Amino acid sequence: MLFLSCFALISALFIHASWSVQPPRCVDKPERGYQCQPRLSHSWGQYSPFFSVPSELPTSIPPKCNVTFAQVLSRHGARDPTASKTRLYYSTVQKLQTNVGQFRGKYAFMNTFNYTLGADQLTGFGEQQMIDSGVAFYNRYKGLAKQGNPFIRASGEDRVIESARNFSQGFSQAKTADGTSDANYPYPILVIPEGEGFNNTLNHGLCTEFEEGTPYSSMGSKAQQTFLATFLPTVMKRLNRDIPDVNLTAVDTVNLFDLCPFTTVASQLGVISPFCYLFSLDEWEHYNYYQSLGKYYGYGPGNPLGSTQGIGFVNELIARLSGKAVNDHTTINRTLDGSQVTFPLGEALYVDVSHDNDMTSIFSALGLYNSTRPLSNTSIESTEAAAGYSAAWTVPFAGRAYFEKMECAGEKEELVRIIVNNRVMPMQMCGADRLGRCTRTRFIQSLSFAAEGGRWDLCFAV
């Protein structure tokens with residue numbers, strides 16, 4: 001069941017979208033995430049709400065081990081569409097409602113649907129996601145949490161800052177519920193500004209060739225457009241047959257797909273939107289893959305400069321794991337990272353809140369998906385066939401990665417492992433053991449791409 005705070009209950013009154021028939025209430029837990037109709041809701045790409053991803057390896061703390069360090073890198077909670085997208089979605093809804101006199105069957109909800117989605121801000125559901133995330137982080141690392149509070153950073157977008165506040169609220173609630181006083185709440189949050197010219201390891205923007213150059217800046221969208229041609233015309237033809245006289249375009253059709261997750265997370269409890277039932281499960285699997293292509297070729301391993309955007313954060317992680325000053329010449333903020341106040345070393349718990357695109361680049365810089373073969377843009381591949389890579393499995397709303405360092409009986413050196421949305425990563429790049437762990441030395445050695453600056457020299461064409 002959702003852990004609803006008083007604030008969340010009040011914000012439930014301000015639901016962004018309405019429809020005439022409400023499907024059954026969804027059930028959610030902090031550790032397991034969103035589990036309502038999983039074949040459907042886990043196929044929304046980066047617009048899926050966080051859910052626990054299947055893990056081939058056990059996620060529990062291994063016996064005779066003691067976690068000494070835990071870092072979470074989190075995406076912000078569920079939000080409204082971006083400003084540009086919300087205008088497009090509104091236009092598609094208006095086009096339908098203006099040209100159709102009476103909707104019937106599974107489209108009947110459109111007779112009374114009122115588009116009131118906002119732009120860019122967290123929804124009440126997204127706020128609760130981050131509260132739950134703070135609860136889950138405390139529950140997993142309560143031994144460390146009882147010794148002190150986490151050091152928290154957030155990239156400078158409002159929804160990211162608010163997500164960090166919600167996370168800290170959940171963490172503190174779990175801590176006090178566990179019988180530990182928490183006089184230091186609310187915790188300070190270091191906000192790193194976003195915008196032109198600001199060095200920020202939680203938000204890309206400095207690498208000119210990646211942002212604006214050819215072919216890097218358009219690789220994701222081109223891969224998506226190629227794949228759309230393999231399945232979207234059939235979907236569009238069906239919709240136009242069902243709703244004649246509207247002439248829905250390819251853009252309209254993708255907008256209708258997108259409206260499913262966005263109107264779902266606009267509901268305080270994440271009630272599945274009627275927009276979701278306009279498409280078959282097979283069509284949702286294609287949509288999910290379409291979104292994965294955008295991340296893989298836009299910001300991930302499929303883009304020659306994708307992983308380079310994440311190396312600043314990776315070098316900060318190396319510093320935190322080793323207790324040594326950050327060595328980086330790419331995206332770190334030297335003023336902040338050069339101070340023990342704004343980049344403290346030796347802490348047990350760290351929290352960083354960022355965006356999906358940036359996390360995709362960071363995962364790539366870490367080499368987490370090195371075993372994923374280049375994704376086809378002409379035929380769909382399952383997440384399993386892609387070695388666990390998909391946008392929904394990696395960067396859903398409120399998605400999170402845990403970086404753990406632990407001391408274990410019989411081991412001469414501390415061990416490191418990474419857990420992405422409850423999936424223990426195999427970490428083949430550093431020769432992980434049967435529990436997915438590498439020694440700290442071998443883990444740091446495997447990050448030579450980041451330590452050596454990646455391809456930052458290609459960022460600024462002469």
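Which residues line the second largest cavity? Select Leu96, Phe103, Tyr107, Phe109, Met110, Leu239, Ile243, Leu248, Leu256, Phe275 and Leu278. A cavity is a set of points on a 1 Å grid over the protein atoms alone where a 1.4 Å probe fits but cannot get out, and lining residues have an atom within 4 Å of a point.

Two notes before moving on. This is a predicted model, in which local features need pLDDT of at least 70 and side-chain atom pairs count only at pLDDT 80 or more, while totals for chains, interfaces and linings use all residues. Residues are numbered from 1 along each chain as its sequence is written, and side-chain values use heavy atoms, with hydrogens and water left out.

**Stop 1**

By class, its lining has 11 nonpolar, no polar and no charged residues. In this scheme Ala, Val, Leu, Ile, Met, Phe, Trp, Tyr, Cys and Pro count as nonpolar, Asp, Glu, Lys and Arg as charged, and the others, Gly among them, as polar. The structure holds 5 cavities of 30 Å³ or more.

Buried means under 20% relative accessible area, exposed over 50%, and partly exposed in between (1.4 Å probe, protein chains only). In soluble globular proteins, nonpolar side chains tend to be buried together.

Zoom in on Phe363. Beyond its neighbours within four places in sequence, Phe363 is in contact (heavy atoms within 4.5 Å) with Leu73, Leu368, Tyr369, Thr394, Val395, Ala401 and Val420.

**Stop 2**

Select Ser155, in strand 6 (residues 151–155). Helices (H or I, at least four residues) and strands (E, at least two) are DSSP runs, numbered from the N terminus. Buried or exposed? Ser155 is buried, at a relative accessible area of 0%. Its side chain makes a polar contact with the side chain of Glu194, at 2.6 Å. Such a contact is a pair of N or O atoms within 3.5 Å; within protein, one must be able to donate a hydrogen and the other to accept it, and residues adjacent in sequence count only if both atoms are side-chain atoms. Further contacts of Ser155, outside four places in sequence, include Val160, Ile192, Asn203 and His355.

Now step to Glu157, in the loop between strand 6 and helix 6 (158–177). Glu157 is partly exposed, because its relative accessibility is 27%. Glu157 touches Glu194 and His355, not counting residues up to four places away in sequence.

**Stop 2: the pockets**

A pocket is an open set of grid points with protein on both sides within 12 Å along at least five of seven lines. Of its 40 lining residues, Gln46, Lys85, Gln224, Lys295 and Tyr299 are the closest to its centre. The lining divides into 14 nonpolar, 17 polar and 9 charged residues.

The second largest pocket holds about 400 Å³ of space. Select His42, Ser43, Asn288, Thr383 and Trp393, the closest to its centre among 20 lining residues. Helix 10 gives the largest share of this lining, 5 residues.

**Stop 3: backbone**

Select Tyr185 and Pro186. Their peptide bond is cis, with omega near 0°. Pro186 lies in the loop between helix 6 and strand 7 (189–192). Another cis peptide bond joins Thr214 and Pro215, with omega about 5°. Pro215 is in the loop between helix 7 and helix 8.

Finish on Lys64, in the loop between helix 2 and strand 4 (65–75). Its phi is near 60°, a positive value in a residue other than glycine. Lys64 counts as exposed, at 72% relative accessibility.

How values were computed:
Grid points are joined across faces, edges and corners, and a volume is the space filled by probe spheres set on the points.
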